[in-house]
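Dear colleague,

I am handing over the structure that we spoke about, and below it you will find some notes on what was found. Please keep it open while you read, and look up each place as it is named.

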2 protein chains.
Amino acid sequence: MPVRSERSLPTRTQRRHSDMSSLTCQISMSLDGFVAGPNQSIDNPIGEGGMRLHQWPFATDSWREQQGSAGGERTADSEVADEVMRGLGAFIMGRKMFGPGDGPWDETWRGWWGEDPPYHAPVFVLTHHQREPLQMQGGTTFTFVTDGIESALEQARAVAGDQDVAIAGGASAVQQYLAAGLLDELYLHIVPIVLGAGERLLEGVGDPTLEPVKVVASPAVTHVNYRVVSERAREQ
Amino acid sequence: MPVRSERSLPTRTQRRHSDMSSLTCQISMSLDGFVAGPNQSIDNPIGEGGMRLHQWPFATDSWREQQGSAGGERTADSEVADEVMRGLGAFIMGRKMFGPGDGPWDETWRGWWGEDPPYHAPVFVLTHHQREPLQMQGGTTFTFVTDGIESALEQARAVAGDQDVAIAGGASAVQQYLAAGLLDELYLHIVPIVLGAGERLLEGVGDPTLEPVKVVASPAVTHVNYRVVSERAREQ
């Protein structure tokens, strides 16, 4: 049975008027603010209990279809799972989202996802260590950016064209773009669990003005899309 | 213009089947998990920036009416402001919600609210220090309970009859009842601000199973009512 529970909200502010594509981020967060569990490791990259944040799509038909299989239910979560993958022309991710550890690259590491990563678009990896670009199957390329978040965003926008750029994670990358006033939309999937420890999303981000523009409710999770009303947007 | 944006969700679990009234709590929380700002004091009982959590009702007609004045807007928030005050037969609060400091009582302190507090019902105050009950105007009485949270709940249920019992705050009282598996419903008003510091709500509460049963979306705040699926409920 289809469940539809979407609510677009009247907005208090004007959308940023610009011909640049938006910088967005969609991420699952526990009710106590964590986007990963404690004790992250190469065997457990999202930390203890962290997979509980990411279970909501698994029951949906959308996720099954994205994985090339059939079945699953059509729920409010399905629509969100579809929506968050639409209209994205490029991704940005932090180094730890791409691989474990830090320091110079182990060139045999080609990401967590195997030879056909789920991005199917250019991905810009924030790092302090240079590395040649990696071309993967299915349209994903990883480009390693060593000259900062603004450079990564500029490069991502250049290839994204009319489409949006998404921050794929993790917390630190989101924090840096949010604190710099560069993030336009933050789509939080608020999962009703209490992790108690781990990596918090909204730390060190200053005092951004957020405005809920859309809420999708399901029995599993509450999806809230926030527009970030940055200084830049307020000036326009 | 009336804005209505309420969504009742199908539930995965049966409601606790019992002739006892429910223990509920409704509280405003920042997106980073705080229910009060830092540096709480007698002059600033909800801490620096804490009032930003409580501004959402002020624009509503419901709040104005509760204050005995006219005006305000009819919004989705109005319905929540009405709803959270309905059907409550007694309240429980922590000591710091009643007054500043700790140690033996200064008997001249009669609460933060003046002679006619907004509860209009029996209120049970959790404390380590005995004090005679205080009868205020408008139907509010404060009874000081020194023998623990279960005793306070029992006393509150005894006077509430068919009506529910609500935890009025603060964070510590909510945490104790949630950790003990005694809380039935947690109605969070998720306010789209980042406080950065202060008193967190969901700390030291273990790993409760929460289930969103209702979501009300407004441009100001996202209201999510969670049923707490306690061990006690799961057994029934």
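Is Ile46(A) buried, partly exposed or exposed? Ile46(A) counts as partly exposed, because its relative accessible area is 25%, where buried means under 20% relative accessible area, exposed means over 50%, and partly exposed lies in between, all with a 1.4 Å probe and the protein chains only.

Before going on, please keep in mind that this is a predicted model, in which local features need pLDDT of at least 70 and side-chain atom pairs count only at pLDDT 80 or more, while totals for chains, interfaces and linings use all residues. Residues are numbered from 1 along each chain as its sequence is written, chains are lettered from A and ligands numbered from 1 in the order in which they are written, and side-chain values use heavy atoms, with hydrogens and water left out.

To return to Ile46(A), this residue sits in the loop between strand 3 (34–36) and helix 1 (61–66) of chain A; helices (H or I, at least four residues) and strands (E, at least two) are DSSP runs, numbered from the N terminus. If its neighbours within four places in sequence are left aside, Ile46(A) is in contact (heavy atoms within 4.5 Å) with Ala36(A), Gly37(A), Gln40(A), Met51(A) and His54(A). Glu73(A), by comparison, is 27 residues from Ile46(A) in sequence, and the two are 26 Å apart in space, C-alpha to C-alpha.

The loop between strand 3 and helix 1 of chain A also holds Asn39(A), whose phi is near 60 degrees, a positive value in a residue other than glycine. Asn39(A) is exposed, with a relative accessible area of 56%. In chain B, Asn39(B) is found in the loop between strand 3 (34–36) and helix 1, its phi is near 60 degrees, again positive in a residue other than glycine, and at 54% relative accessibility Asn39(B) counts as exposed.

Another backbone feature is worth a look in each chain. The peptide bond from Gly169(A) to Gly170(A) is cis, with omega near -5 degrees, and Gly170(A) lies in the loop between strand 8 (164–169) and helix 5 (171–179) of chain A. In chain B the peptide bond from Gly169(B) to Gly170(B) is cis, with omega near -5 degrees, and Gly170(B) is found in the loop between strand 8 (164–169) and helix 5 of that chain. The buried residues of helix 5 (residues 171–179) of chain B are Ala171(B), Ala173(B), Val174(B), Gln175(B), Tyr177(B) and Leu178(B), and this helix is followed by Gly181(B), whose phi is positive, near 75 degrees.

Which residues of helix 2 (residues 76–83) of chain B are buried? They are Ala76(B), Asp77(B), Ser78(B), Val80(B) and Ala81(B), and they pack against helix 1 (61–66), strand 9 (185–191), strand 11 (209–217) and strand 12 (222–229) of chain B. The N-terminal end of helix 2 of chain B is capped by Thr75(B), which has a side-chain oxygen 3.1 Å from the backbone nitrogen of Asp77(B). In strand 11 of chain B you will find Lys214(B), which is buried, with a relative accessible area of 12%.

Now for the two chains together. In all, 32 residues of chain A are in contact with 32 residues of chain B. The area buried between chain A and chain B is about 2700 Å², of which carbon and sulfur atoms give 62%; buried area is the accessible area (1.4 Å probe) that two parts lose on being put together, summed over both. Leu31(A), Val194(A) and Pro219(A) supply 23% of the area that chain A buries against chain B, more than any other three residues.

Finally, the largest cavity is lined by residues of both chains, among them Leu31(A), Arg200(A), Met29(B) and Arg200(B). On a 1 Å grid over the protein atoms alone, a cavity is a set of points where a 1.4 Å probe fits but cannot get out, and lining residues have an atom within 4 Å of a point.

With best wishes

Terms used:
On a 1 Å grid over the protein atoms alone, a cavity is a set of points where a 1.4 Å probe fits but cannot get out, and a pocket is an open set with protein on both sides within 12 Å along at least five of seven lines; lining residues have an atom within 4 Å of a point. A polar contact is a pair of N or O atoms within 3.5 Å; within protein, one must be able to donate a hydrogen and the other to accept it, and residues adjacent in sequence count only if both atoms are side-chain atoms.
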